[in-house]
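Visitor: I'm new to this one. Could you show me how to read a few of its features?

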Amino acid sequence: MTTKTATIIPATDWRMQLKKYGYLVVLLPAILWPMAISLWESNGANSDLWFFFPLFFVFGIIPILDHLVGKDPFNPNEEMDVPSMSAEKWYPFLTILTLPVMLANVTYAGFLFVDDRIGLLGQFGIVISTGVIMGIVCINVGHELIHKDSKIEQWTGGLLLALVTYAGFKVEHVRGHHVHVSTPDDASSSRYNQTLYQFLPHAYWHNFKNAWVLEAAKLRRKNQAIVSWHNELIWWYSISALLAVGSGVLWGWEGVVFFVAQSFFAFTLLEIVNYIEHYGLHRRKLENGRYERTTPAHSWNSNFLLTNLLLVQLQRHSDHHANPKRRYQVLRHYDESPQLPGGYATMVVLAIIPSLWFKVMNPRVEAYYKGEEYQLNDDQLSK
(Lines give C-alpha, C1' and ligand atoms only; values in the text may rest on other atoms or scores of the structure.)
Protein backbone atom coordinates (compact mmCIF):
# COMPACT_ATOMS: atom_id res chain seq x y z
CA MET A 1 0.00 0.00 0.00
CA THR A 2 1.23 3.48 -0.80
CA THR A 3 1.33 5.42 2.44
CA LYS A 4 0.42 8.94 1.48
CA THR A 5 0.44 10.95 4.69
CA ALA A 6 -1.53 13.95 5.87
CA THR A 7 -0.37 17.58 5.77
CA ILE A 8 2.98 18.09 7.51
CA ILE A 9 3.36 21.11 9.77
CA PRO A 10 6.22 22.16 12.11
CA ALA A 11 6.07 21.64 15.87
CA THR A 12 6.12 25.43 16.36
CA ASP A 13 2.87 25.82 14.45
CA TRP A 14 0.02 26.95 16.74
CA ARG A 15 -1.98 23.84 15.85
CA MET A 16 0.79 21.54 17.10
CA GLN A 17 1.15 23.65 20.24
CA LEU A 18 -2.59 23.42 20.78
CA LYS A 19 -2.36 19.64 20.57
CA LYS A 20 0.61 19.58 22.96
CA TYR A 21 -1.45 21.02 25.81
CA GLY A 22 -4.70 19.68 24.45
CA TYR A 23 -3.61 16.25 25.66
CA LEU A 24 -4.61 17.42 29.13
CA VAL A 25 -8.05 16.30 27.97
CA VAL A 26 -6.89 12.80 28.97
CA LEU A 27 -7.67 13.88 32.56
CA LEU A 28 -11.19 15.02 31.63
CA PRO A 29 -12.87 11.78 32.83
CA ALA A 30 -11.55 12.49 36.34
CA ILE A 31 -13.92 15.47 36.71
CA LEU A 32 -17.02 13.57 35.58
CA TRP A 33 -17.80 12.29 39.08
CA PRO A 34 -17.70 15.74 40.70
CA MET A 35 -19.96 16.94 37.89
CA ALA A 36 -22.37 14.05 38.45
CA ILE A 37 -22.50 14.66 42.21
CA SER A 38 -23.13 18.36 41.66
CA LEU A 39 -26.04 17.57 39.33
CA TRP A 40 -27.38 14.97 41.76
CA GLU A 41 -27.29 17.29 44.76
CA SER A 42 -28.59 20.33 42.86
CA ASN A 43 -31.65 18.28 41.94
CA GLY A 44 -32.39 17.40 45.54
CA ALA A 45 -30.58 14.07 45.44
CA ASN A 46 -33.82 12.54 44.24
CA SER A 47 -32.71 10.79 41.07
CA ASP A 48 -30.04 8.11 40.99
CA LEU A 49 -30.05 8.42 37.20
CA TRP A 50 -27.46 11.21 37.61
CA PHE A 51 -24.90 8.52 38.38
CA PHE A 52 -25.12 7.50 34.74
CA PHE A 53 -23.99 11.01 33.75
CA PRO A 54 -20.36 9.98 32.97
CA LEU A 55 -21.70 7.26 30.69
CA PHE A 56 -23.99 9.73 28.93
CA PHE A 57 -21.19 12.28 28.63
CA VAL A 58 -18.76 9.82 27.03
CA PHE A 59 -21.17 8.15 24.61
CA GLY A 60 -23.68 10.96 24.12
CA ILE A 61 -21.97 14.33 24.36
CA ILE A 62 -18.45 13.45 23.18
CA PRO A 63 -19.61 12.00 19.80
CA ILE A 64 -21.46 15.26 19.11
CA LEU A 65 -18.48 17.39 20.15
CA ASP A 66 -16.19 15.14 18.13
CA HIS A 67 -18.03 15.94 14.91
CA LEU A 68 -18.34 19.63 15.77
CA VAL A 69 -14.61 19.98 16.51
CA GLY A 70 -13.73 17.99 13.40
CA LYS A 71 -10.63 16.16 12.26
CA ASP A 72 -6.90 16.64 12.71
CA PRO A 73 -5.23 16.27 9.29
CA PHE A 74 -1.75 17.25 10.46
CA ASN A 75 1.43 15.24 11.02
CA PRO A 76 4.70 16.50 12.55
CA ASN A 77 7.75 16.95 10.35
CA GLU A 78 9.57 13.61 10.47
CA GLU A 79 13.13 14.91 10.15
CA MET A 80 12.87 18.30 11.84
CA ASP A 81 10.47 17.72 14.73
CA VAL A 82 9.82 14.07 15.54
CA PRO A 83 13.18 13.47 17.33
CA SER A 84 12.76 16.50 19.60
CA MET A 85 9.05 15.86 20.22
CA SER A 86 9.81 12.23 21.10
CA ALA A 87 12.35 13.38 23.70
CA GLU A 88 10.13 15.99 25.39
CA LYS A 89 9.38 15.14 29.04
CA TRP A 90 5.92 16.74 28.99
CA TYR A 91 4.32 13.86 27.13
CA PRO A 92 5.41 10.97 29.40
CA PHE A 93 4.82 13.16 32.47
CA LEU A 94 1.20 13.58 31.47
CA THR A 95 0.64 9.85 31.02
CA ILE A 96 2.38 8.99 34.32
CA LEU A 97 0.25 11.60 36.10
CA THR A 98 -2.85 9.56 35.25
CA LEU A 99 -1.89 6.88 37.83
CA PRO A 100 -2.48 8.94 41.01
CA VAL A 101 -5.44 10.68 39.38
CA MET A 102 -7.14 7.37 38.56
CA LEU A 103 -6.34 5.90 41.97
CA ALA A 104 -8.08 8.91 43.53
CA ASN A 105 -10.95 8.55 41.05
CA VAL A 106 -11.70 4.92 41.79
CA THR A 107 -11.42 5.58 45.53
CA TYR A 108 -13.87 8.46 45.29
CA ALA A 109 -16.28 6.29 43.31
CA GLY A 110 -15.96 3.54 45.92
CA PHE A 111 -17.07 5.93 48.68
CA LEU A 112 -20.03 6.92 46.51
CA PHE A 113 -20.95 3.27 45.94
CA VAL A 114 -21.41 2.59 49.66
CA ASP A 115 -23.23 5.86 50.41
CA ASP A 116 -26.51 4.94 52.14
CA ARG A 117 -28.37 7.68 50.25
CA ILE A 118 -27.81 5.95 46.92
CA GLY A 119 -30.08 3.13 45.80
CA LEU A 120 -29.44 0.03 43.72
CA LEU A 121 -29.98 1.87 40.41
CA GLY A 122 -27.47 4.51 41.46
CA GLN A 123 -24.96 1.86 42.50
CA PHE A 124 -25.23 0.24 39.08
CA GLY A 125 -24.70 3.64 37.47
CA ILE A 126 -21.61 4.19 39.63
CA VAL A 127 -20.14 0.82 38.71
CA ILE A 128 -20.64 1.04 34.95
CA SER A 129 -19.65 4.73 34.80
CA THR A 130 -16.51 4.08 36.84
CA GLY A 131 -15.67 1.17 34.55
CA VAL A 132 -15.97 3.44 31.51
CA ILE A 133 -13.82 6.15 33.10
CA MET A 134 -11.17 3.65 34.19
CA GLY A 135 -11.26 1.90 30.82
CA ILE A 136 -10.75 5.15 28.93
CA VAL A 137 -7.83 6.28 31.07
CA CYS A 138 -6.24 3.29 32.83
CA ILE A 139 -6.27 0.83 29.96
CA ASN A 140 -5.70 3.31 27.19
CA VAL A 141 -2.80 5.12 28.89
CA GLY A 142 -1.54 1.80 30.23
CA HIS A 143 -1.49 0.58 26.63
CA GLU A 144 0.70 3.52 25.63
CA LEU A 145 3.14 2.93 28.48
CA ILE A 146 3.62 -0.84 28.21
CA HIS A 147 5.09 -0.30 24.75
CA LYS A 148 7.86 1.89 26.16
CA ASP A 149 11.26 0.80 27.46
CA SER A 150 11.76 2.92 30.59
CA LYS A 151 11.09 1.19 33.91
CA ILE A 152 8.91 3.98 35.25
CA GLU A 153 6.64 3.81 32.21
CA GLN A 154 6.52 0.01 32.31
CA TRP A 155 5.63 0.05 36.01
CA THR A 156 3.08 2.83 35.63
CA GLY A 157 1.46 0.96 32.76
CA GLY A 158 1.33 -2.24 34.79
CA LEU A 159 -0.17 -0.47 37.82
CA LEU A 160 -2.81 1.24 35.70
CA LEU A 161 -3.84 -2.16 34.35
CA ALA A 162 -3.79 -3.62 37.87
CA LEU A 163 -6.37 -1.00 38.88
CA VAL A 164 -8.80 -2.74 36.52
CA THR A 165 -7.60 -6.33 37.08
CA TYR A 166 -6.40 -6.77 33.50
CA ALA A 167 -2.72 -7.50 33.94
CA GLY A 168 -2.75 -10.11 31.20
CA PHE A 169 -3.12 -7.32 28.66
CA LYS A 170 0.43 -6.18 29.46
CA VAL A 171 1.81 -9.50 28.25
CA GLU A 172 -0.69 -10.68 25.63
CA HIS A 173 -1.05 -7.37 23.84
CA VAL A 174 2.65 -6.83 23.24
CA ARG A 175 3.76 -10.43 22.67
CA GLY A 176 0.52 -11.84 21.23
CA HIS A 177 -1.72 -9.24 19.59
CA HIS A 178 1.09 -7.29 17.93
CA VAL A 179 2.55 -10.50 16.52
CA HIS A 180 -0.70 -12.04 15.23
CA VAL A 181 -2.85 -8.95 14.59
CA SER A 182 -5.32 -9.28 11.71
CA THR A 183 -4.84 -13.05 11.45
CA PRO A 184 -7.06 -15.94 12.62
CA ASP A 185 -4.59 -16.52 15.49
CA ASP A 186 -5.50 -13.23 17.17
CA ALA A 187 -8.56 -13.15 19.41
CA SER A 188 -8.41 -9.35 19.48
CA SER A 189 -8.95 -9.02 15.72
CA SER A 190 -12.63 -9.29 14.85
CA ARG A 191 -13.81 -11.01 11.68
CA TYR A 192 -16.07 -9.76 8.92
CA ASN A 193 -19.73 -10.34 9.91
CA GLN A 194 -18.78 -11.29 13.46
CA THR A 195 -20.98 -9.59 16.06
CA LEU A 196 -19.54 -7.96 19.16
CA TYR A 197 -21.34 -10.55 21.28
CA GLN A 198 -19.68 -13.41 19.40
CA PHE A 199 -16.34 -11.68 19.73
CA LEU A 200 -16.31 -10.82 23.44
CA PRO A 201 -16.43 -14.26 25.15
CA HIS A 202 -13.61 -15.58 22.96
CA ALA A 203 -11.54 -12.44 23.54
CA TYR A 204 -11.96 -12.58 27.33
CA TRP A 205 -10.87 -16.20 27.63
CA HIS A 206 -8.23 -16.40 24.91
CA ASN A 207 -6.45 -13.21 25.93
CA PHE A 208 -6.34 -14.23 29.60
CA LYS A 209 -5.11 -17.74 28.78
CA ASN A 210 -2.64 -16.64 26.14
CA ALA A 211 -1.00 -14.18 28.53
CA TRP A 212 -0.09 -17.07 30.85
CA VAL A 213 1.07 -19.24 27.93
CA LEU A 214 3.32 -16.45 26.63
CA GLU A 215 4.74 -15.67 30.07
CA ALA A 216 5.40 -19.35 30.76
CA ALA A 217 7.21 -19.70 27.43
CA LYS A 218 9.36 -16.67 28.23
CA LEU A 219 10.31 -18.06 31.63
CA ARG A 220 11.12 -21.49 30.21
CA ARG A 221 13.51 -19.88 27.71
CA LYS A 222 15.28 -18.28 30.65
CA ASN A 223 15.27 -21.50 32.69
CA GLN A 224 13.18 -19.81 35.36
CA ALA A 225 10.29 -21.30 37.33
CA ILE A 226 6.83 -20.39 36.10
CA VAL A 227 5.45 -20.07 39.63
CA SER A 228 8.00 -17.62 40.98
CA TRP A 229 8.66 -13.94 41.49
CA HIS A 230 10.03 -13.87 37.94
CA ASN A 231 6.47 -14.24 36.61
CA GLU A 232 5.21 -10.69 36.14
CA LEU A 233 1.59 -11.79 35.87
CA ILE A 234 1.74 -13.06 39.44
CA TRP A 235 2.98 -9.65 40.54
CA TRP A 236 0.32 -7.66 38.72
CA TYR A 237 -2.59 -9.92 39.65
CA SER A 238 -1.37 -9.91 43.27
CA ILE A 239 -1.52 -6.11 43.23
CA SER A 240 -5.10 -6.32 41.90
CA ALA A 241 -5.95 -8.78 44.68
CA LEU A 242 -4.48 -6.41 47.28
CA LEU A 243 -6.58 -3.59 45.85
CA ALA A 244 -9.67 -5.78 46.15
CA VAL A 245 -8.74 -6.60 49.76
CA GLY A 246 -8.16 -2.91 50.44
CA SER A 247 -11.62 -2.18 49.03
CA GLY A 248 -13.01 -4.79 51.41
CA VAL A 249 -11.22 -3.23 54.37
CA LEU A 250 -12.57 0.22 53.48
CA TRP A 251 -16.11 -0.69 52.46
CA GLY A 252 -16.79 -4.33 53.38
CA TRP A 253 -18.10 -6.89 50.92
CA GLU A 254 -19.71 -4.12 48.87
CA GLY A 255 -16.26 -2.68 48.29
CA VAL A 256 -15.01 -5.95 46.82
CA VAL A 257 -18.08 -6.17 44.57
CA PHE A 258 -17.47 -2.60 43.43
CA PHE A 259 -13.79 -3.16 42.62
CA VAL A 260 -14.42 -6.37 40.67
CA ALA A 261 -17.46 -4.98 38.84
CA GLN A 262 -15.80 -1.73 37.73
CA SER A 263 -12.85 -3.81 36.50
CA PHE A 264 -15.18 -5.95 34.40
CA PHE A 265 -16.75 -2.94 32.69
CA ALA A 266 -13.34 -1.35 32.16
CA PHE A 267 -11.79 -4.31 30.39
CA THR A 268 -15.01 -4.95 28.49
CA LEU A 269 -14.66 -1.45 27.04
CA LEU A 270 -11.12 -2.36 26.02
CA GLU A 271 -12.29 -5.45 24.18
CA ILE A 272 -15.06 -3.48 22.45
CA VAL A 273 -12.37 -1.09 21.20
CA ASN A 274 -10.32 -4.09 20.05
CA TYR A 275 -13.37 -5.26 18.11
CA ILE A 276 -13.57 -1.88 16.39
CA GLU A 277 -9.89 -1.43 15.59
CA HIS A 278 -9.41 -4.34 13.18
CA TYR A 279 -12.92 -5.35 12.12
CA GLY A 280 -12.91 -7.26 8.85
CA LEU A 281 -9.27 -6.47 8.01
CA HIS A 282 -6.67 -9.18 7.67
CA ARG A 283 -3.15 -9.85 6.55
CA ARG A 284 -2.83 -12.03 3.48
CA LYS A 285 -1.07 -15.37 3.73
CA LEU A 286 2.07 -15.58 1.61
CA GLU A 287 3.29 -18.56 -0.44
CA ASN A 288 5.73 -19.50 2.32
CA GLY A 289 2.83 -19.94 4.74
CA ARG A 290 3.57 -16.78 6.70
CA TYR A 291 1.43 -13.70 6.86
CA GLU A 292 2.41 -10.46 5.20
CA ARG A 293 4.09 -7.82 7.33
CA THR A 294 1.78 -5.61 9.41
CA THR A 295 1.21 -2.29 7.66
CA PRO A 296 -1.09 0.72 8.17
CA ALA A 297 -3.62 -1.15 6.01
CA HIS A 298 -4.45 -3.60 8.81
CA SER A 299 -6.08 -1.23 11.31
CA TRP A 300 -8.98 1.19 11.14
CA ASN A 301 -7.96 4.82 11.64
CA SER A 302 -10.03 7.63 13.07
CA ASN A 303 -8.67 11.14 12.92
CA PHE A 304 -11.23 13.09 14.95
CA LEU A 305 -9.29 15.59 17.03
CA LEU A 306 -11.17 15.53 20.34
CA THR A 307 -11.19 11.78 20.83
CA ASN A 308 -7.59 11.55 19.63
CA LEU A 309 -6.57 13.97 22.38
CA LEU A 310 -8.68 12.11 24.94
CA LEU A 311 -7.22 8.75 23.91
CA VAL A 312 -3.63 9.96 23.40
CA GLN A 313 -3.93 9.25 19.67
CA LEU A 314 -4.90 5.60 20.04
CA GLN A 315 -7.15 6.21 17.03
CA ARG A 316 -4.07 6.66 14.85
CA HIS A 317 -3.95 2.93 15.25
CA SER A 318 -2.49 2.12 11.86
CA ASP A 319 0.80 3.85 12.61
CA HIS A 320 0.87 2.34 16.10
CA HIS A 321 0.75 -1.19 14.70
CA ALA A 322 3.28 -0.44 12.00
CA ASN A 323 5.58 1.23 14.59
CA PRO A 324 4.64 0.03 18.12
CA LYS A 325 7.46 1.89 19.91
CA ARG A 326 6.49 5.24 18.42
CA ARG A 327 5.27 7.68 21.08
CA TYR A 328 1.70 8.89 20.98
CA GLN A 329 2.51 12.53 20.25
CA VAL A 330 4.25 11.68 16.96
CA LEU A 331 1.91 9.01 15.62
CA ARG A 332 0.99 9.76 12.03
CA HIS A 333 -2.28 9.81 10.16
CA TYR A 334 -2.29 7.94 6.84
CA ASP A 335 -4.82 9.17 4.31
CA GLU A 336 -4.93 5.77 2.64
CA SER A 337 -5.51 3.70 5.76
CA PRO A 338 -9.08 2.46 6.14
CA GLN A 339 -11.02 5.21 7.92
CA LEU A 340 -13.77 4.92 10.52
CA PRO A 341 -16.75 7.26 10.09
CA GLY A 342 -16.47 8.50 13.67
CA GLY A 343 -14.30 8.53 16.78
CA TYR A 344 -14.21 5.55 19.14
CA ALA A 345 -16.94 7.03 21.37
CA THR A 346 -19.27 6.97 18.38
CA MET A 347 -18.13 3.57 17.16
CA VAL A 348 -18.66 1.89 20.55
CA VAL A 349 -22.32 2.89 20.41
CA LEU A 350 -22.60 1.40 16.92
CA ALA A 351 -20.78 -1.79 17.91
CA ILE A 352 -23.23 -2.68 20.68
CA ILE A 353 -26.06 -2.67 18.10
CA PRO A 354 -24.94 -5.33 15.55
CA SER A 355 -27.50 -4.49 12.85
CA LEU A 356 -26.41 -0.85 12.92
CA TRP A 357 -22.72 -1.79 13.02
CA PHE A 358 -23.03 -4.05 9.98
CA LYS A 359 -25.02 -1.42 8.10
CA VAL A 360 -22.27 1.17 8.65
CA MET A 361 -19.12 -0.96 8.56
CA ASN A 362 -19.73 -3.85 6.16
CA PRO A 363 -19.94 -1.62 3.07
CA ARG A 364 -16.62 -0.05 4.11
CA VAL A 365 -14.95 -3.44 4.48
CA GLU A 366 -16.38 -4.58 1.15
CA ALA A 367 -15.21 -1.39 -0.56
CA TYR A 368 -11.77 -1.89 0.89
CA TYR A 369 -11.55 -5.38 -0.64
CA LYS A 370 -13.19 -4.39 -3.93
CA GLY A 371 -11.73 -6.54 -6.71
CA GLU A 372 -10.67 -9.28 -4.31
CA GLU A 373 -13.94 -10.07 -2.57
CA TYR A 374 -12.81 -13.68 -2.17
CA GLN A 375 -10.73 -12.37 0.76
CA LEU A 376 -13.94 -11.84 2.71
CA ASN A 377 -14.92 -15.50 2.38
CA ASP A 378 -11.56 -17.00 3.26
CA ASP A 379 -12.22 -19.99 5.52
CA GLN A 380 -9.25 -18.90 7.63
CA LEU A 381 -11.20 -15.85 8.75
CA SER A 382 -13.95 -17.85 10.42
CA LYS A 383 -11.63 -19.51 12.89
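Guide: Happy to. Let's start with a term: a residue is called buried when its relative accessible area is under 20%, and exposed when that value is over 50%. Keep in mind that this is a predicted model.

Visitor: Is Val-312 buried or exposed, then?

Guide: Val-312 counts as buried, because its relative accessibility is 4%, and the cut-off for buried is under 20%. You'll find Val-312 in the loop between α12 (305–310) and α13 (317–322).

Visitor: Why does Asn-223 count as exposed?

Guide: Asn-223 counts as exposed because its relative accessibility is 74%, and the cut-off for exposed is over 50%.

Visitor: Let's turn to the inside. How many cavities of 30 Å³ or more are there?

Guide: A cavity is a space where a probe fits but cannot get out. This structure holds 4 of them at 30 Å³ or more. The largest cavity has about 280 Å³ of space.

Visitor: Which residues lie nearest the centre of the largest cavity?

Guide: Leu-269, Val-273, Leu-311, Leu-314 and Tyr-344 do, out of 23 residues that line the largest cavity. Several helices take part: α3 (53–69), α6 (120–146), α8 (168–180), α11 (253–277), α12 and α14 (344–351) each give at least two residues to that lining.

Visitor: What volume does the second largest cavity have?

Guide: About 80 Å³. Its lining residues include Tyr-166, Phe-169, His-173, His-177 and Glu-271.

Visitor: Which helix gives the largest share of that lining?

Guide: That's α8, with 5 residues. Each of α8, α9 and α11 supplies at least two residues to the lining of the second largest cavity.

Visitor: And how many residues of each class line the second largest cavity?

Guide: By class, this lining has 4 nonpolar, 6 polar and 2 charged residues.

Note on methods: Residues are numbered from 1 along each chain as its sequence is written. This is a predicted model: local features need pLDDT of at least 70, side-chain atom pairs count only at pLDDT 80 or more; totals for chains, interfaces and linings use all residues. Side-chain values use heavy atoms; hydrogens and water are left out. Buried means under 20% relative accessible area, exposed over 50%, partly exposed in between (1.4 Å probe, protein chains only). Helices (H or I, at least four residues) and strands (E, at least two) are DSSP runs, numbered from the N terminus. On a 1 Å grid over the protein atoms alone, a cavity is a set of points where a 1.4 Å probe fits but cannot get out, and a pocket is an open set with protein on both sides within 12 Å along at least five of seven lines; lining residues have an atom within 4 Å of a point. Grid points are joined across faces, edges and corners, and a volume is the space filled by probe spheres set on the points. Ala, Val, Leu, Ile, Met, Phe, Trp, Tyr, Cys and Pro count as nonpolar, Asp, Glu, Lys and Arg as charged, and the others, Gly among them, as polar.
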